[in-house]
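Here are my notes for you to read alongside the model. Have the sequence and the 3D view open as you go.

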Amino acid sequence: MEFDIKRISRLSKLEIDKSREQSVIDDMNQIVEFVSMLPQDADISENMGSASCVLRSDLHKEKTESIDVSSLSDYTENGCFCVPKTV
């Protein structure tokens with residue numbers, strides 16, 4: 001398979017050095033070769049356990065009491081933490 005590396009580079013917005021172009025093309029050819037060896041009619045249902053697709057029902061939890069975290073700092077202003085200026 002022939003790859004237009006300049007077009008792929010432009011579309012993916014990646015810069016590919018001239019010295020690495022052939023290496024990238026070789027890598028892409030290896031990927032295509034590997035994918036072409038995969039069976040077209042593979043049954044993947046045997047690899048999926050029933051527990052992998054089980055959805056949990058959302059549980060209502062009582063709201064926990066929140067604290068005013070700004071009370072934990074000596075330097076607050078308008079509800080925000082202030083960082084003191086130091087010299």
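How many helices and strands does the chain have? There are 2 helices and 2 strands, where helices (H or I, at least four residues) and strands (E, at least two) are DSSP runs, numbered from the N terminus.

1. Before we start, this is a predicted model, so local features need pLDDT of at least 70, side-chain atom pairs count only at pLDDT 80 or more, and totals for chains, interfaces and linings use all residues. Residues are numbered from 1 along each chain as its sequence is written, and side-chain values use heavy atoms, with hydrogens and water left out.

2. Start at the N terminus and the elements run α-α-β-β. Of the 87 residues in the chain, 8% are buried; buried means under 20% relative accessible area, exposed over 50%, and partly exposed in between (1.4 Å probe, protein chains only). The chain exposes about 9000 Å², with 54% of that coming from carbon and sulfur atoms. Those areas come from the Shrake-Rupley method with a 1.4 Å probe, and for residues only the protein chains shown count as cover.

3. Now check the length of α2, which covers residues 21–37. Its 17 residues should span 24 Å at 1.5 Å a residue, and the end C-alpha atoms are 25 Å apart, which agrees. The expected span here is 1.5 Å times one less than the number of residues.

4. Which residues of α2 are buried? They are Glu-21, Val-24 and Ile-25. Looking down the axis of α2, these buried residues fall within an arc of 100 degrees, so they line one face of the helix; the arc is that of the directions from the helix axis to the C-beta atoms. As background, an α-helix has 3.6 residues a turn, so residues three or four places apart point the same way. On the other side of α2, you'll find Gln-30, Glu-33, Phe-34 and Met-37 exposed.

5. What do the buried residues of α2 pack against? The partner is α1 (5–12). Ile-5, Lys-6 and Ile-8 in α1 meet Glu-21, Val-24, Ile-25 and Met-28 in α2, with contact meaning heavy atoms within 4.5 Å. The two axes come within 11 Å and cross at roughly 85 degrees. Axes are lines fitted to C-alpha atoms, for helices over the stretch in contact, and angles run from 0 to 180 degrees between N-to-C directions. That makes α1 and α2 roughly perpendicular (65 to 115 degrees; under 35 is roughly parallel, over 145 roughly antiparallel and the rest oblique).

6. Take a look at Glu-21 in α2. Glu-21 counts as buried at 17% relative accessibility. Leaving aside neighbours within four places in sequence, Glu-21 is in contact with Ile-5, Lys-6 and Ile-16.

7. Over in α1 sits Ser-9, buried with a relative accessible area of 15%. Not counting residues up to four places away in sequence, Ser-9 touches Leu-14, Glu-15 and Ile-16. The C-alpha atoms of Ser-9 and Glu-21 are separated by 9.8 Å, and the two residues are 12 apart along the chain.

8. Is Lys-13 buried or exposed? Lys-13 is exposed, with a relative accessible area of 76%, and its place is in the loop between α1 and α2. Its phi is near 55 degrees, a positive value in a residue other than glycine.
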